[in-house]
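This report walks through one structure, part by part. Please look over the sequence and the model before reading on.

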Amino acid sequence: MEKPKKLHAALLSSPGMGHLIPIMELGKCLVADHGFEVTIFVVPSQASRAEAEIIDSAMTPKLLDIVELPAPDLTAAGLGPNASMVERLAVMMREARSAFRSALKAMEAPPDVLIVDLFGTEHLCMGDELRIPKYVYVPSNAWFLALLLHSPVLDKEVKGEYVDQTELLKIPGCKPVRPEDVVDPMLDRSNQQYHEYLRIAGEIAMGDGILLNVWEDLQAETLAALRNEEFLGRAVNGPVYTVGPLIRPVRPAGLGKELLEWLDKQPRESVLLVSFGSGGTMSAEQLAELAWGLELSRQRFIWILRKPIVESLDGSFFDVGKGGGDDELSSFLPDEFAVRTRDVGLIIPLWGPQLDILSHPSVGGFLSHCGWNSTLESIVNGVPMIAWPLYAEQRQNATLLAEEIGVVIRPKELPSKKIVGREEIEKLARMIIAKKEGHQMRARVKELKSTAEKAVTKGGTSYESLRRMKEDCKMRIHQINKAH
Ligand code: UDP
């Protein structure tokens, strides 16, 4: 008997590691667990080595096809040098439209379903052109999505800047958001990125459903709110599928010999990993305080270190371009820091195998910017965090992780607003690794880890959710075919 034809999904990734990684993992999961064929279309950012590595690793073994679209020409788009991250991403995705359309047309057979990520909502119309179902993948959490979807309402109801409000921002059925925790694009309503953000919020309803990188147990109440009539039929047009946690697999030799040997020598759960995602950075003054705090804490650490920024253009503390050679980097650290911490600390310049480090049994804490991928990687490895939010939706993530999920401790003030002093950093580092609070939190993360594992295995909530999404796809394809 002839095998039924596999559904072919076209996935579109916006530029940047934080978008590329979750799209790759969704693609692999659709192939490995749900019998799809997958082609991923990637809008490249600056061709970074790390991005190329991620693409290569997704190709071995070769589960799916990857098509790199030509890098969009931003000069024609008139982007100013001070353009914010969201504006930049929005423009890059807009400029990639004709390349994506041509690439889809060049396929041997058109895909059966289109899945775009959050910055790809302007491409949903391509699904209509091809007469195929289309979905939006939000590689973040349900509370972030709720604020995004509710932002057009807040835009009408709230007068003045959100950060200046004295009252919490209410979202139906969800935990309200503190004004200081709003996402970066909501910080300045006159900025172009705010308008792009509102546009995305409105366009999500053009999709036939939303995929979210969480699992049901993690955010049951917020997910319920997203599925009730306050959102459904208005901001959400179709089911909200929980598909997570989707994170990269740990690579067998991912740590490399030297790092593995060092980690193997450390006691269990004794090392604090310090890493701020693909572009997190800080002022030189803050970086020096962090170094002092780590040293004073006398805890073991691995620090993935990036050059500080001289000046943050939009206050977002994000800069993928800031590398810095070893000598240059050490010039930002206190004198003789590396010598004094030689026995307890390791510094990795710019980019390190974060996930592989987190999976090592010697790691007991993670000082993180709370990007959603990093958060999931920490939870899946049973590692509690010190929250150090810097940009994008990280302030909201940090509050969620502290107040609802209970897996982080945090400085008293937001690090993006005020310098966190060495004494406080010293205390936090000790607390997460060596004190009762840290031990309790580690136990809590381990409970979560086991619910996460269950969710993605066969029969688990996320597995079943993707299975339902596939059924929904088939049903929509059938309806579309009947109508034409
Ligand atoms: N990452 C890494 N090595 C680094 C820094 C980051 O492998 O030195 C990975 C990290 O494991 C995560 C991703 O890059 O998978 C960062 O995504 P996240 O959503 O946490 O933050 P973003 O970079 O989008 O702010």
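Which elements make a right-handed β-α-β unit with helix 11 (residues 284–297)? Strand 8 and strand 9 do, with helix 11 as the helix of the unit. Right-handed here means that, with the strands pointing away from the viewer, the path from the first strand over the helix to the second runs clockwise. Helices (H or I, at least four residues) and strands (E, at least two) are DSSP runs, numbered from the N terminus.

## Model and confidence

The model is predicted; local features need pLDDT of at least 70, side-chain atom pairs count only at pLDDT 80 or more, and totals for chains, interfaces and linings use all residues. Residues are numbered from 1 along each chain as its sequence is written.

The average pLDDT of the chain is 92, and 94% of the residues score at least 70. The pLDDT is the predictor's confidence in each residue, from 0 to 100. For the complex, the predictor gives an ipTM of 0.99 and a pTM of 0.94.

Six strands form an open sheet in the order 10-9-8-11-12-13, and their pairing is parallel. At the edges are strand 10 (345–349) and strand 13 (408–409), each of which pairs on one side only. Two strands count as paired if DSSP finds at least two bridges between them. Strands of a sheet pair through backbone hydrogen bonds, either parallel or antiparallel.

Strand 8 (residues 271–275) is joined to strand 11 (residues 363–368) by five bridges, and the two run parallel. Ser-275 has Ser-368 of strand 11 as its bridge partner.

Strand 9 (residues 300–305) is mostly covered, with six of its six residues buried. A residue is buried if 20 or more other C-beta atoms lie within 10 Å of its own, exposed if 12 or fewer, and partly exposed in between, with C-beta atoms placed from the backbone. On one side of strand 9 the buried residues are Arg-300, Ile-302 and Ile-304, and on the other they are Phe-301, Trp-303 and Leu-305.

Why does Ser-368 count as buried? Ser-368 counts as buried because it has 30 C-beta neighbours inside 10 Å. Ser-368 and Leu-273 are 95 residues apart along the chain, and their C-alpha atoms are separated by 8.1 Å.

## Helix 1 and the strands around it

Strand 1, helix 1 and strand 2 make a right-handed β-α-β unit. Strand 1 (residues 8–13) and strand 2 (residues 37–42) pair in the parallel sense over six bridges, and Leu-12 has Phe-41 of strand 2 as its bridge partner. Strand 2 is also joined to strand 3 (residues 65–68) by four bridges, and these two run parallel. In that pairing Ile-40 stands opposite Ile-66 of strand 3.

The 18 residues of helix 1 should span 26 Å at 1.5 Å a residue, and the end C-alpha atoms are 25 Å apart, which agrees. The expected span is 1.5 Å times one less than the number of residues in the helix. Buried residues of helix 1 include Met-17, His-19, Leu-20, Ile-21 and Pro-22. After helix 1 comes Gly-35, whose phi is positive, near 65°.

## Around the ligand

The shell around the ligand holds 17 residues, of which Gly-18, Gly-277, Ser-278, Gly-371 and Ser-374 come nearest. Helix 1 (17–34), helix 14 (354–358) and helix 15 (372–380) are the elements that give two or more residues to this shell. A residue is near a molecule if its C-beta atom, placed from the backbone, lies within 6 Å of it.

Helix 15 gives the most to the shell, with four residues. By class, the shell has six nonpolar, 10 polar and one charged residues. Ala, Val, Leu, Ile, Met, Phe, Trp, Tyr, Cys and Pro count as nonpolar, Asp, Glu, Lys and Arg as charged, and the others, Gly among them, as polar.

## Backbone exceptions

Most residues other than glycine have a negative phi, and most peptide bonds are trans. The peptide bond from Gly-244 to Pro-245 is cis, with omega near 0°. Pro-245 lies in the loop between strand 7 (240–242) and helix 10 (257–265).

Cys-370 is not a glycine, yet has a positive phi of about 70°. Cys-370 lies in the loop between strand 11 and helix 15 and is buried, with 30 other C-beta atoms within 10 Å.
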